[in-house]
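Open your viewer and get ready to select residues by number. This tour goes stop by stop, saying what to pick next and what is there.

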Amino acid sequence: MERRLAAIMAADVVGYSRLIRIDEDGTLAALKSLRGDLIEPKIAEHHGRVVKLMGDGLLAEFPSVVEAVRAASEMQQALAERNAGLPERQRIEIRVGINLGDVAIDGDDIFGDGVNVAARLETMAEPGSVYVSGAVHDQVRDRLELRFEDLGKQQVKNIDRPVRVWRWLRDAAAPDRGAVQQERSLPDRPSIIVLPFNNMSRDADQEYFSDGITEDVITDLSKVSGLFVIARNSAFVYKDKPVSVPQVCRELGVKFALEGSIRKAGNRVRVTAQLIDGSSGGHVWAERYDRDLTDIFGVQDDITQQIVAALKVTLSEEEKSRSAEAGTRDVDAHDLFLRGREMLRAVKKDRDMFEQATACFRRALALDPAYAAPYAGLGFAYVLDYQNHWSATPETSLDAAERFADAAIGKDDQDPYNHFVVSLVAMFRSNYRRWAEAADRALALNPNFASALNMRGVLRLYTGEPKLAIPDIERAMRLDPAVQQQYLHFLGTAYFVDGDYERAAGLFSDRIEVNPTTDLSRAFLASTLGHLGRFDEARRIWEELMEINPKYEHAKHIARLPFQNPSDAGKFTEGLRKAGLVA
């Protein structure tokens, strides 16, 4: 059988079934026009061949990978311009995947892993985007004036090896290799990101340990009021990716980066760490620790102290005493806590995860009943259970969460996370006073605690102080930019409560763009548009919401939100009423 190396493009229409449901004849006509006027001519222009059409998708091959990527990017640019003049419900968007690989020839058809990878990349891609494999990126990165974002190695269905994936950045110009772009302004204090430490252990199951130590170092540094420290979520975006430290620092607007590695073997651990100046790439400080595992807490303390000294940050007396404290000296208890904490961070949260995590925390407490962190872990786990109903008695989970959170504070009043969990429970109980006290205490102990900043901002918006909420939420977004989509809704709600409906509409729209299935932000956007008198847009957003969640009930929704002042909650229903969406 004949085989050849080819660049393979897979493309399909996003939301084809929904478009057909809304307007079958119009969609079919628009798709035929799109293929005949744009897609097929663009493929031919770049010397490609349409292998086959598949309903709303197509498969094409190119002799040149450069031409394949050019064709895809030009198609997406032209389609974006074409859509700009159309109502949103009439827009047709496509997504594209491109791979370079060996294909088998069967008449006019092609097949094989090279084709399968392209198809999988296409299914991963967002509307209007182009995803390419690492093989494609290697060939085009120095030949095209296009920028790509490294999404790391991804496991794709029916392919037995991870695939390095890159995403084309449509609105980004190719980087000027001779220029340094400052993408965010630097804070007014020494600023740092702690990149995930590499797991150098032979056992891949030890990944939780290296991640846990990284997170502990982030937390220790975050407690220093003289530092600006990027949050854990945003730091871990770079896990398992080849990174340029200066580029990472520019992206996040920080001056320094800490990177390192951990090798755990038996009762010994080796930790290497180096502090790097993001503007030059030069090393500021570096150290290697070969210690007994029982001394891991001392290693963490020393890394924190060395960084503070290198950056010439002055610690208060309280911070000095705090940094020398550890939650437990039992390494097995700490190891179990790290395992449980990592489980709670799993992408897929389910009953099995809940049971395994809580079992780890309980075993840790059996080894060291005075250890506060597992109590806080149990508190957070039961908050999740209260929301998701995993256990047999989720109606009692908030009581359990409060009991464990109180126990954590009883064991260690100096840990900011313990107070954060208390504030979380208080939020669900609408206990505004305790909510405020716990959030303030968490921030007094850790001024860089993004989640606690957001928690205080959410409290302020729900208690009628939206102008105070806005800077808290914005600072949380600055510390933790990777999870901005989680904060966008709350920031939009703060502007909504404040009566700035134009800004609120923009923020709710941004949230929908990054989280297309949200019903919460769509409901608030529809209300906001009602207040602005943009009734047709409000109705269109409402139709989208009902497609996503046909059982949505606005009255139950607003009743669940902890607005202290009924008039603030009333603005939500009032906007929907103005748009004619509710009686």
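What follows is a walk through cores, helix pairs, single residues and loops.

**Before you start**

This is a predicted model, in which local features need pLDDT of at least 70 and side-chain atom pairs count only at pLDDT 80 or more, while totals for chains, interfaces and linings use all residues. Residues are numbered from 1 along each chain as its sequence is written, and side-chain values use heavy atoms, with hydrogens and water left out.

**Stop 1: the cores**

Begin by selecting Ile193, Phe209, Leu258, Val271, Ile303, Ile307 and Trp435. Within the largest nonpolar core, which has 138 residues, these seven touch the most other members. Such a core is a set of buried Ala, Val, Leu, Ile, Met, Phe, Trp, Tyr and Cys residues joined through side-chain atoms within 4.5 Å. Buried means under 20% relative accessible area, exposed means over 50%, and partly exposed lies in between (1.4 Å probe, protein chains only). Helix α13 gives the most to this core, with 9 residues. Helices (H or I, at least four residues) and strands (E, at least two) are DSSP runs, numbered from the N terminus.

Now centre on Ile303. Not counting residues up to four places away in sequence, Ile303 touches Val217, Leu258, Val271, Ala273, Trp285 and Tyr289; contact means heavy atoms within 4.5 Å. A second, separate core has 33 residues, including Leu34, Leu58, Ala68 and Leu144.

**Stop 2: α12 and α13**

Select residues 351-367 for α12 and 372-388 for α13: their axes come within 9 Å and cross at roughly 160 degrees. Axes are lines fitted to C-alpha atoms, for helices over the stretch in contact, and angles run from 0 to 180 degrees between N-to-C directions. The two helices are therefore roughly antiparallel to each other; angles under 35 degrees count as roughly parallel, over 145 as roughly antiparallel, 65 to 115 as roughly perpendicular and the rest as oblique. To see the contact, show Phe354, Thr358, Phe361, Arg362, Ala364 and Leu365 in α12, which meet Pro374, Tyr375, Gly377, Leu378, Ala381, Tyr382 and Asp385 in α13. The residues of this contact of α12 with α13 divide into 9 nonpolar, 2 polar and 2 charged. Here Ala, Val, Leu, Ile, Met, Phe, Trp, Tyr, Cys and Pro count as nonpolar, Asp, Glu, Lys and Arg as charged, and the others, Gly among them, as polar.

**Stop 3: α14 and α15**

Move on to α14, residues 397-411, whose axis comes within 9 Å of that of α15, crossing at roughly 150 degrees. That makes α14 roughly antiparallel to α15. On the α14 side, Leu398, Ala401, Glu402, Ala405, Asp406, Ala408 and Ile409 meet Asn418, His419, Val421, Val422, Val425 and Phe428 in α15. Their contact is made up of 9 nonpolar, 2 polar and 2 charged residues.

**Stop 4: an enclosed helix**

Select residues 245-252. Helix α8 is largely enclosed by the rest of the structure, because 6 of its 8 residues are buried. Those buried residues are Val245, Gln247, Val248, Cys249, Arg250 and Leu252. They pack against β7 (147-154), β9 (191-194), β12 (256-265), β13 (268-277) and α18 (466-479). Just after α8, look for Gly253, with a positive phi of about 70 degrees.

**Stop 5**

Ser210 sits in helix α6 (residues 207-222) and counts as buried, at 1% relative accessibility. Leaving aside neighbours within four places in sequence, Ser210 contacts Phe197, Asn198, Asn199 and Ile262.

Gln300, in helix α9, counts as buried at 6% relative accessibility. Beyond its neighbours within four places in sequence, Gln300 is in contact with Ile213, Asp216, Val217, Asp220 and His334.

Asn233 belongs to helix α7 (residues 232-235) and counts as partly exposed, at 31% relative accessibility. Apart from residues up to four places away in sequence, Asn233 touches Arg345, Asp480, Ala482 and Val483.

**Stop 6**

Most residues other than glycine have a negative phi. Which phi value does Lys312 have? Phi of Lys312 is near 55 degrees, a positive value. Find Lys312 in the loop between α9 (296-310) and α10 (317-323), where Lys312 counts as exposed at 74% relative accessibility.

Finish at Ser430, in the loop between α15 (416-428) and α16 (432-445). Ser430 has a positive phi of about 55 degrees and counts as partly exposed, at 31% relative accessibility.
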